[in-house]
Amino acid sequence: MNDHMKTQLVSAIHLQEVELQEKPPEDQQGTKICSDADQTFTVEDAVETIGFGRFHILLFLIMGSASILEAMEIMLLAIVSPEIRCEWRLEDWQVALVSTMVFLGFMVCGVLSGYVADRYGRWKVVVGGFVWSAYFSLLTSFAPSYGWFIFLRSMVGCGVAGVSQGFVLKTEFIPAKYRAYLLPLASIFWMMGSMLIIILGMLLVPTLGWRWMIRISVAPSIILIFLFKLVPESARYNVSAGNVQAAVKTLQWIAKMNRVSLPPGRLVEAAEEERGSWRILVSSTFRRTSLLLWYSWFVASFAYYGSVLSSSELLEKNLLCVRDADREHQVKHRQEDGLCYCIPFVFSDYQTLLISCLGEVALVPLNICLLNVLGRRKTLTVLQLLAAILFMMVNICTTMFGFTVLLFLLRSLVSMNFNVIYIYTAEVYPTVARSLGMGFCTSFSRIGGMIAPFMAQVLMSQSVILALTPFAVTCVICAVGNFLLPFETKGRALLQSS
């Protein structure tokens, strides 16, 4: 064999070795096996692979604690109303204006907090809103006049708007198959907050007064501020903002905490430049959804706070048509020589409010069942129709026990409806506009919250049936609108982009 042939043979052998190195290995059937470096996954894949575990329990406890304090801030209005009416000799419209100003602050800051959350992160908005609301709530307890009181409460409402973005943050970490089970359970924390402020009112208002009740209710916020450090930024937000490394770090930490592994390969997801744009909400894809959701949120808040404020108003002013009223409930708000400003809650009133709060979680198993069987749209329709019927039944002349049962069922239905509309909104919008979509929806809901006090606290004094009818009518119209929603999100993966 001459030198030329030897050289060609060596070159051929070398070339074959290089080709073998470049080709991926094959299994026994001849199928190519890709290395981890060649495989990719998305945040949705990672969230579904990680599943439910210890991280989600920690997340629920911390965000649930924030919901407890948020509920205390909102329910505080129902407890304080009789006290400030007496202290500052307020007319009905002035008492109603307190709730309206809180919801005005919420409405103005709702859209702003949604935009900031989509542009700069969910975590910053939630923590910032929490600190803001706690600070101004504390200042409320030092309010020297009615004017200062309503201004400071409107600032509290602005902070609560930021805290509400915590629902989006929580939703983005939960696998699709668990959302219908876990998210309705969040209402338990809201119920706990409502009950806690009622218990504080029952124990502290008669002895120390409403100012000390507010101060003590704010105290747990200090502890919770430090616990927020255990909650990471949304991985879905991070990849939409182009910060893939931060998303990977968060997902690795969650996987380690849940004692599972991430999918093999590397996280690949395109960054989205158009984040937090209102144009997405009114695009041809989401226009009909947005319009119907805005009205649904309006009615959800209108009905919820209508039921809360109506119950406290009926009890405070003794407007109930009850056949077994005790002596305390025979003192009327309107008398021949003028208004009676000072009719404080008695023990039985606090007891009735506590029982009605239990209604917010009593039917959670039913809510979970409806979500999994009927889906989101049909569940909303059924709940709104039943709420309309219950609103009209509150006007029936019955015993105190009968009124408590009706109030219990009504609070159950409006609370379930609020919970389902939260879930549907967080699921239907893409990550790039999810917080803004939620912000717009919560802002529209606060319009309902602003109108509800004037129905429940002003018109109620004129006619109970006249005050309750608007709540029933709007619920019926909303039921039809919910049925016409174009998308069903049951079991659907969360969209990353539009």
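The protein chain exposes about 21,000 Å², and carbon and sulfur atoms supply 66% of that area (Shrake-Rupley method, 1.4 Å probe; for residues, only the protein chains shown count as cover). This is a predicted model, so to speak of local features takes a pLDDT of at least 70 and side-chain atom pairs count only at pLDDT 80 or more, while totals for chains, interfaces and linings use all residues. Residues are numbered from 1 along each chain as its sequence is written, and side-chain values use heavy atoms, with hydrogens and water left out.

Of the 498 residues in the chain, 56% come out as buried (under 20% relative accessible area, with exposed meaning over 50% and partly exposed anything in between; 1.4 Å probe, protein chains only). The fold is made up of 21 helices and 4 strands, taken as DSSP runs (H or I over at least four residues for helices, E over at least two for strands) and numbered from the N terminus. As for contacts (heavy atoms within 4.5 Å), those with a separation of 6 or more are 84% made up of residues 24 or more positions apart.

Now for the charged pairs. Side chains of opposite charge can pair when their charged atoms come close. The structure holds 9 salt bridges, each a side-chain nitrogen of Lys or Arg within 4 Å of a carboxyl oxygen of Asp or Glu. One of them joins Glu73 to Arg153, with the closest N and O atoms 3.0 Å apart. Glu73 sits in helix α3 (residues 54-88) and Arg153 in helix α6 (residues 146-163), so this pair ties together parts that are 80 residues apart in sequence. Glu73 is buried at a relative accessible area of 10%, and Arg153 is buried too, at 0%.

Another salt bridge brings together the side chains of Arg179 and Glu427, at 2.8 Å from N to O. Here helix α8 (residues 176-182) contributes Arg179 and helix α19 (residues 400-428) contributes Glu427, so parts 248 residues apart in sequence are tied together. Both Arg179 and Glu427 are buried.

Glu488 and Arg377 also pair up, their closest N and O atoms being 3.8 Å apart. This pair links distant parts of the chain, 111 residues apart: Glu488 is in the segment after α21 (464-483), and Arg377 is in helix α18 (residues 375-393). Glu488 counts as partly exposed at 27% relative accessibility, as does Arg377 at 25%. Finally, salt bridges that share partners join Asp118, Arg122, Glu172 and Arg434 into one network.
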